[in-house]
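Thanks for making the time. I will go through the pockets in this structure, one after the other.

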Amino acid sequence: MFPFAPPTMLAPMEGVSHPTFRRLIAERGGVGVVCTEFVRVSRAPLSPVALRREVVKVPGVPLSVQVMGNDAEKMADAAHHVADAGADVVDINLGCPMPRVVKKGVGAAMLKDPALLARVLGAMRERTPGLLSAKIRAGFDDAENVVRIAKTVEAAGVDFLVVHPRTRRDLYEGVADWRIVRVLKEALAIPVVGNGDVWYAADALRMERETGCDAVMIGRPAMRNPWIFEQVAALRAGEAPFDPSGADLAEWLHRVRAVYEEEIGGNVPGKLKELLRWMGRAVDDGGAFRQAALRAPDADAILGEVDARLRPLGPEALDLDAHGRHRFERSGAAEGSGSRSGSVGGSAPAPRVA
Ligand SMILES: Cc1cc2nc3c(=O)[nH]c(=O)nc-3n(C[C@H](O)[C@H](O)[C@H](O)COP(=O)(O)O)c2cc1C
């Protein structure tokens with residue numbers, strides 16, 4: 001059993017899922033757990049004070065704090081400090097594909113070394129009295145060892161596993177292969193959380209149905225559609241999900257700007273653009289709104305584009321409804337995929353896993 005309800009997680013996203021974003025998404029409801037960005041634990045370890053500072057909770061919403069590193073003792077120390085400071089889950093990053101990360105032998109690079117994995121996770125387990133989880137990709141270069149990797153993680157005493165079923169080599173290309181989620185669900189006794197390309201609320205329930213996963217993690221789609229978690233909750237409850245209009249998005253973005261300026265400061269235009277890179281993809285205008293917003297020089301100009309081009313649009317002009325009626329985005333390569341491109345689905349070759 002997944003230990004939280006509802007069985008949904010806001011994904012860890014570096015530069016995005018800071019405490020303010022976590023709150024803005026979770027306050028809409030429907031989010032079971034929010035995750036921090038990764039906290040790098042390197043040879044010169046973070047002080048206990050710095051680690052404890054990462055534990056910023058949204059009232060009433062469990063928090064998973066993600067750590068990344070390959071030094072067993074320092075990772076165990078870090079796990080101990082964040083758990084002690086109130087993290088509901090300590091998660092280890094075993095999926096980050098960025099060259100600057102894998103070059104250091106951490107993130108997805110650890111998928112290549114089961115002995116190291118067992119050592120680091122074993123040490124973390126000993127010092128983590130509460131829940132411990134691991135977030136993996138399907139593999140480093142290919143998915144052939146994904147079951148072996150997942151079983152190594154399970155044997156170390158991890159409480160649940162999150163899988164983003166792309167390899168490190170895939171980066172974000174192609175479509176997340178949900179069939180790998182199903183393979184792991186069948187192979188493991190611990191709960192399995194599926195992640196990747198859940199662009200529409202209905203896809204979260206489809207992922208659960210098709211893979212048997214115990215919970216669903218959502219990342220980029222929450223930047224694209226901040227209502228997605230409450231839409232999932234509505235579908236689960238048999239209620240009509242809310243379909244946001246351009247005015248709803250505009251109001252939300254104005255609020256984001258105000259709260260970011262007050263609580264975070266720094267490069268607020270850059271942070272707005274990170275959201276608009278994804279949200280802009282829900283507008284069927286050949287990319288005009290997205291490009292204009294991303295070219296705007298400052299927050300006033302960005303929101304000027306939002307008010308001029310996004311605000312007037314009704315829900316029917318946006319690809320944000322819970323069922324993906326327009327379905328610009330491709331999601332999971334399990335059978336019955338509703339991809340409008342038709343390039344994924346039941347006819348795709350089965351994933352090669354040992
Ligand atoms: C901007 C960005 C930052 C990310 N940072 C992290 C991170 O710190 N830790 C992590 O495990 N995954 C990170 N990811 C990966 C996501 O957690 C997630 O696995 C991936 O985006 C696929 O899920 P999605 O299709 O729901 O976005 C990041 C993804 C993005 C787009």
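The largest pocket holds about 600 Å³ of space. Its lining is made up of 32 residues, and those closest to the centre are P12, M13, E14, K135 and Y172. Please keep in mind that this is a predicted model.

Where does the largest pocket lie? Domain 1, residues 8-236, and domain 2, residues 246-317, both give residues to the lining, so the largest pocket lies between the two domains.

Now the elements around it. Three strands each supply at least two residues to the lining of the largest pocket: β5 (131-139), β6 (160-167) and β8 (215-218). Two helices, α9 (220-224) and α12 (268-279), each supply at least two residues as well. By residue type, the lining of the largest pocket has 16 nonpolar residues, seven polar and nine charged.

On to the next one. The second largest pocket has about 180 Å³ of space. There, 16 residues form the lining, and A143, T167, D170, D177 and I180 are the closest to the centre.

Which element gives the most to the lining of the second largest pocket? That is β6, with three residues. The helix α7 (178-187) also supplies at least two residues there. So much for the elements; the residue types come next.

Notes
Residues numbered from 1 in each chain as written. Predicted model: local features only at pLDDT ≥ 70, side-chain atom pairs only at ≥ 80, totals over all residues. Heavy atoms only, no water. 1 Å grid on protein atoms, 1.4 Å probe; cavity = no way out; pocket = protein on both sides within 12 Å on 5 of 7 lines; lining within 4 Å. Points joined across faces, edges and corners; volume = space filled by probe spheres on them. Helix = DSSP H or I, 4+ residues; strand = E, 2+ residues; numbered from the N terminus. Nonpolar A, V, L, I, M, F, W, Y, C, P; charged D, E, K, R; others polar. Domains from an automatic or database assignment.
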